[in-house]
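Please look over the chain shown below before reading on. The paragraphs that follow lead from a cluster of charged side chains, through neighbouring strands, to the helices and the nonpolar cores.

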Amino acid sequence: MNIRSLSRGDGAVIGAAVLLLIASFLPFFSIDAGSGDETVSTWSAALFPLLPTVTLAALASAALIVLGKALVPAGRQVAGLTLEQWGTALAVFVGWSALWSVFSTVIPDIGHGSDNDGISKGAGAWLTLIFGLAFAVLAVLSSRLPALQAPLLGAPKQPQPYGGAPYGAPQPGLGQPGQPGMPQPGGYGYPGAPAPDPSFGGQQPQPHSYGGQAPSPAPQSQQPAQNQPPQSGAQDFTAFWFAVPVPRPLFAEDGSPTPIAELAPGTWYLAVEQRGATLIAQTQDGRRGVLQDSSGIQRG
């Protein structure tokens, strides 16, 4: 499950489904019985078709939309449609059922309809209509309006790359060795460290091998630097950490159209290679794939 792939529209759909569930417990009909008013909610057996077609269908629709976005890999299909498409279609059915619910009656009209005298709609009926229509509209527009496509949780302030970056590699939010205010590496044994000063009692370390003989220095290459073969163009690319602004699919390197993973905002991924306008990215579990849309990415 990848919760960070949910958008603000998905959060609004979940909120509308919860409001429909709350409205189902409120009085749908108020009955004047003479001795006192009686109420009937959506959970009453007299209104049984209303419960599965509006309240329960809205909860099922929200669950399908969330699973369609949060499952990895995304885009799983059932009977030719993705889970998100099934959830959107069910949300439209919820709005249709909520619209016709205001025309329902507790007792079938007989004759001139005197059997329903003293029966009026309660707060639950009107809230079911409002929340049902809002639920359908939000489900349809959540993947189309830019304002509803923004990430629901957002990226963390200082995400850390998994496994840690190698020494000297840039890390988000951290300074680099050698910069002002950062501790300077040094000490005996560190490459480039100064030798001990003999005036303060320091001695130059003399390497010795077993038997007391100093090892001979390793022969150095006499080949001129200009005779070395030129570096290939592929070695010009340097791996870097990056994060995506919105959820984006990661495709297999063999060109398969089915995504193998989905990159979520707020998580750092490693770009290991560049092929034209695409990047070869590596996920947390070590899978490699092609990121076709690299626009707007945040480099670490």
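Predicted model: local features only at pLDDT ≥ 70, side-chain atom pairs only at ≥ 80, totals over all residues.

Because Arg275 lies in strand E9 (residues 269-275) and Glu253 in the loop between strand E7 (248-251) and strand E8 (259-263), the pair ties together parts that are 22 residues apart in sequence. Arg275 has a relative accessible area of 36% and is therefore partly exposed, the partly exposed class being the one between the 20% limit for buried and the 50% limit for exposed. Arg275 also forms a salt bridge with Glu273, at 3.2 Å from N to O, and Glu273, with 30% relative accessibility, again counts as partly exposed. Taken together, Glu253, Glu273, Arg275 and Arg288 are linked in a network of salt bridges, within a structure that holds five salt bridges. As background, side chains of opposite charge can pair when their charged atoms come close.

The strands that carry some of these residues lead on to E10. E9 and E10 run antiparallel and are joined by five bridges, with Gln274 standing opposite Leu279 of E10. Two residues lie between the strands in the hairpin of E9 and E10, where Gly276 takes a positive phi near 65 degrees. On to E11, the pairing of E10 is also in the antiparallel sense, over four bridges, and here the bridge partner of Ala281 is Gly289 in E11. The hairpin of E10 and E11 has five residues between its strands, and Gly286 in the turn shows a positive phi of about 90 degrees. How many of the five residues of strand E10 are buried? Four of the five, in a strand that spans residues 278-282, are buried, so E10 is largely enclosed by the rest of the structure.

The largest nonpolar core has 23 residues, of which Leu20, Val94 and Phe135 touch the most other members. Helix H1 (8-23), helix H2 (50-70), helix H3 (83-101) and helix H4 (123-141) are the elements that give two or more residues to this core, and H2 gives the most, with six residues. Leu20 illustrates the packing: leaving aside residues up to four places away in sequence, Leu20 touches Val54, Thr55, Ala58, Val94, Thr128, Phe131, Gly132 and Phe135. Apart from this core lies another, of twelve residues, with Phe242, Ala264, Tyr269 and Leu291 among them.

At 1.5 Å a residue, the 19 residues of H3 should span 27 Å, and its end C-alpha atoms are 27 Å apart, which agrees. The buried residues in H3 are Leu83, Gly87, Ala91, Val94, Gly95, Ser97, Ala98 and Ser101; seen down the axis of H3, the buried residues fall within an arc of 165 degrees, so they line one face of the helix. In general, an α-helix has 3.6 residues a turn, so residues three or four places apart point the same way. What covers the buried residues of H3 includes H1, H2 and H4, together with strand E3 (77-78), strand E4 (81-82) and strand E5 (119-121).

The chain contains four helices and twelve strands, and buried residues make up 30% of its 300 residues. Among the contacts in the chain with a separation of 6 or more, 61% are between residues 24 or more positions apart.

Definitions and conventions: Residues numbered from 1 in each chain as written. Heavy atoms only, no water. Salt bridge = Lys/Arg side-chain N within 4 Å of Asp/Glu carboxyl O. Buried < 20%, exposed > 50% of the residue type's maximum accessible area, 1.4 Å probe, protein only. Pairing = 2+ DSSP bridges. Core = buried A, V, L, I, M, F, W, Y, C linked by side-chain atoms within 4.5 Å. Contact = heavy atoms within 4.5 Å. Expected span 1.5 Å × (residues − 1). Arc of directions from axis to C-beta.
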